[in-house]
Amino acid sequence: MKISILSLFPEMFEGVLHTSILKKAQENEAVSFSVTDFRNYSENKHHKVDDYPYGGGAGMVLKPEPLFNAVEAVTEGADKPPRVILMCPQGERFTQAKAEELASEENLVFICGHYEGYDERIREHLVTDELSIGDFVLTGGEIASMAIIDSVVRLLPGVLGNNVSSVEDSFSTGLLEHPHYTRPATYKGLTVPDVLLSGNHGEIDKWRMEQSLKRTLERRPDLLEKISLTPEQEKMLKRLKSNR
């Protein structure tokens with residue numbers, strides 16, 4: 001996968017892209033990154049990328065030509081049209097399902113904006129996706145794009161040491177993940193559930209599924225309305241609800 005990032009503050013990405021899983025992904029040649037200051041693609045002699053909005057109003061608006069020019073430059077020679085992703089609080093709420101969708105692509109471009117907003121022609125004629133990570137406002141799109149890039153890249157083949165990890169993550173199955181425990185079995189009088197020490201993998205799987213359902217019911221019951229449960233899961237959920 002090739003990921004191109006367009007930002008007015010490319011230095012913000014130096015630590016993130018060269019640490020932990022994203023660093024490993026590059027070393028394994030699962031992904032390559034480029035970070036471009038789209039100010040360099042301004043047609044203004046002062047490299048101006050924003051201007052006052054037509055019709056008046058507060059704030060400045062990002063001009064179309066620097067972003068159109070930058071996207072054209074970073075995608076030149078691409079085998080097929082890339083997904084061009086606009087980071088925007090008005091965009092579609094980013095989910096694990098969207099991460100899985102984007103992980104199947106070969107070429108992603110992230111546009112990280114600032115100021116009051118974007119010239120509408122950028123939305124209508126340049127981007128393929130508008131994404132938001134939540135109902136709150138950030139100074140710019142950089143931090144949001146970092147979160148999305150991390151969630152996408154970890155799904156690429158060979159990036160995680162254990163490929164099962166990404167399959168069992170919270171939201172990948174539509175449910176929150178079950179609790180985890182590790183050594184020691186007893187710590188300050190606090191013990192690990194007996195079933196996890198039993199060696200009975202069938203019972204362990206059942207316990208984990210029930211705990212996953214329980215945690216989802218307690219913390220994110222809205223998720224249960226969006227997925228289809230197996231008959232066994234339905235029975236577990238009914239029992240959990242009756243015990244509340």
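Tutor: Let us begin with exposure. A residue is called buried under 20% relative accessible area, exposed over 50%, and partly exposed in between. Please keep in mind throughout that this is a predicted model.

Student: Is Glu 120 buried, exposed or partly exposed?

Tutor: Glu 120 has a relative accessibility of 42%, so it counts as partly exposed. Arg 123, at 13%, counts as buried.

Student: Where do Glu 120 and Arg 123 lie?

Tutor: Both belong to helix α5, residues 120-125, and they are three residues apart, about one turn of the helix.

Student: How should I read a pair of charged side chains?

Tutor: Side chains of opposite charge can pair when their charged atoms come close. In this structure, the side chains of Arg 123 and Glu 120 meet in a salt bridge, at 3.3 Å from N to O.

Student: With which other residue does Arg 123 form a salt bridge?

Tutor: Arg 123 also forms a salt bridge with Glu 130, and here the closest N and O atoms are 2.5 Å apart. Glu 130 counts as partly exposed because its relative accessibility is 23%. Elsewhere, salt bridges that share partners join Arg 83, Glu 92, Lys 98, Glu 101, Glu 105 and Asp 129 into one network.

Student: How many salt bridges does the count give?

Tutor: The count comes to 16 salt bridges. Among them is the one between Glu 65 and Lys 63, at 3.1 Å from N to O. Both Glu 65 and Lys 63 are buried.

Student: Let us turn to database annotation. Which residues does UniProt list for "binding site"?

Tutor: An unreviewed UniProt entry lists Gly 113, Ile 133, Gly 134, Asp 135, Phe 136, Val 137 and Leu 138 under "binding site". Such annotations may be inferred rather than shown by experiment. Of these residues, the lining of the largest pocket includes Ile 133.

Student: Where is Ile 133, and with which residues is it in contact?

Tutor: Ile 133 is placed in the loop between β8 (129-132) and α6 (142-153). Its relative accessibility is 30%, so it counts as partly exposed. Leaving aside neighbours within four places in sequence, Ile 133 is in contact with Arg 93, Leu 138, Ala 144 and Ile 148. Phe 136 is also found in the loop between β8 and α6, and with a relative accessible area of 44% Phe 136 is partly exposed.

Student: What is phi near in Lys 188?

Tutor: Phi of Lys 188 is near 55°, again a positive value in a residue other than glycine. Lys 188 lies in the loop between β9 and β10 (190-191), and its relative accessible area of 71% makes Lys 188 exposed.

Student: Is the peptide bond from Arg 183 to Pro 184 cis or trans?

Tutor: That bond is cis, with omega near 5°. Pro 184 lies in the loop between α7 (164-168) and β9 (186-187).

Notes
Residues numbered from 1 in each chain as written. Predicted model: local features only at pLDDT ≥ 70, side-chain atom pairs only at ≥ 80, totals over all residues. Heavy atoms only, no water. 1 Å grid on protein atoms, 1.4 Å probe; cavity = no way out; pocket = protein on both sides within 12 Å on 5 of 7 lines; lining within 4 Å. Helix = DSSP H or I, 4+ residues; strand = E, 2+ residues; numbered from the N terminus. Buried < 20%, exposed > 50% of the residue type's maximum accessible area, 1.4 Å probe, protein only. Contact = heavy atoms within 4.5 Å. Salt bridge = Lys/Arg side-chain N within 4 Å of Asp/Glu carboxyl O.
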